[in-house]
Amino acid sequence: MLTCNPATGKAKKGAAGRKAGGPRKKAVTRSIRAGLQFPVGRIGRYLKNGGYAKRVGTGAPVYLAAVLKYLAAEVLELAGNAARDNKKNRINPRHVLLAIRNDDELGKLLAGVTIAHGGVLPNINPVLLPKKTTAKDCFERVVDHNNNPRNVGMVCYV
């Protein structure tokens with residue numbers, strides 16, 4: 001049964017299977033259904049418009065959103081640990097870089113990525129480090145005023 005608008009005498013449009021004028025249900029997004037923070041609909045649109053395949057299944061954007069959520073959580077956890085190690089409360093690009101480069105799997109995944117204001121990993125070639133000295137090497141031979149050589153102790157820089 002169609003209800004009519006008394007002013008125009010035409011049937012009401014947009015009822016969408018419910019009684020005309022009834023309360024509308026709140027829309028539930030696919031992201032909420034899947035329990036994800038990443039936008040499933042937008043990822044699906046990007047997959048379709050990106051030309052990656054002729055057809056895209058309904059589960060593909062949900063799966064990809066879940067993978068992105070996992071990767072983001074992993075990077076943020078490691079970066080938070082790096083920030084705490086540096087006695088900071090806020091994560092900055094340096095902490096993100098340290099987190100990624102110190103993790104084997106993330107480092108392999110993001111090997112070709114440059115992070116702006118991230119810097120580089122601290123690394124000193126062992127050849128450039130000063131040599132270790134022993135107790136015997138901590139004496140310097142000094143010639144006194146009679147030209148007699150003798151050992152004089154000196155401070156060792158290790």
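Reader: Which helices do the buried residues of helix 3 pack against?

Author: They pack against helix 1, helix 2, helix 4 and helix 5. Packing here rests on contact, defined as heavy atoms within 4.5 Å. This is a predicted model, in which local features need pLDDT of at least 70 and side-chain atom pairs count only at pLDDT 80 or more, while totals for chains, interfaces and linings use all residues. Residues are numbered from 1 along each chain as its sequence is written, and side-chain values use heavy atoms, with hydrogens and water left out.

Reader: How close is helix 3 to the span expected at 1.5 Å a residue?

Author: Helix 3 has 26 residues and reaches 38 Å from its first C-alpha to its last. The expected span is 1.5 Å times one less than the number of residues. For helix 3 that is 38 Å, so the two values are close.

Reader: Why is His-95 called buried?

Author: Its relative accessible area is 2%. Buried means under 20%, exposed over 50%, and partly exposed in between, with a 1.4 Å probe and protein chains only. His-95 is therefore buried. His-95 sits in helix 4, residues 93-102. Beyond its neighbours within four places in sequence, His-95 is in contact with Ala-79, Ala-82, Ala-83, Asn-86, Lys-88 and Arg-90.

Reader: Which residues of helix 4 are buried?

Author: They are His-95, Leu-97, Leu-98, Ala-99 and Ile-100. The buried residues of helix 4 pack against helix 3 and helix 5. On the helix 3 side, the buried residues are Pro-61, Ala-65, Val-75, Ala-79, Ala-82 and Ala-83.

Reader: How do you know that the buried residues of helix 2 are on the same side?

Author: Helix 2 spans residues 40-49, and its buried residues are Val-40, Ile-43, Gly-44 and Leu-47. They cover an arc of only 100 degrees around the axis, so they share one side of helix 2. The arc is taken from the directions from the helix axis to the C-beta atoms. These buried residues pack against helix 1 (30-34) and helix 3 (60-85).

Reader: Is Tyr-46 buried, partly exposed or exposed?

Author: Tyr-46 lies in helix 2. Its relative accessibility is 49%, so Tyr-46 counts as partly exposed. Tyr-46 and Pro-61 are 15 residues apart in sequence, yet 9.1 Å apart in space, C-alpha to C-alpha.

Reader: Why does Ser-31 count as buried?

Author: Ser-31 has 11% relative accessibility, which puts it in the buried class. Ser-31 belongs to helix 1. Leaving aside neighbours within four places in sequence, Ser-31 touches Leu-36, Phe-38, Pro-39 and Val-40.

Reader: What makes the nonpolar surface patch?

Author: Tyr-63, Leu-64, Val-67 and Leu-68 make it, and it covers about 350 Å². Patch residues have over 30% relative accessible area and no salt bridge; like charges are joined within 9 Å, and nonpolar side chains (Val, Leu, Ile, Met, Phe, Trp, Tyr) within 5 Å. A salt bridge is a side-chain nitrogen of Lys or Arg within 4 Å of a carboxyl oxygen of Asp or Glu. Leu-68, in helix 3, has 33% relative accessibility and so counts as partly exposed. Areas come from the Shrake-Rupley method with a 1.4 Å probe; for residues, only the protein chains shown count as cover.

Reader: How many of the residues in the protein chain are buried?

Author: Buried residues make up 14% of the 158 residues. The accessible surface of the chain is about 13,600 Å², with 57% belonging to carbon and sulfur atoms.

How values were computed
Helix = DSSP H or I, 4+ residues; strand = E, 2+ residues; numbered from the N terminus.
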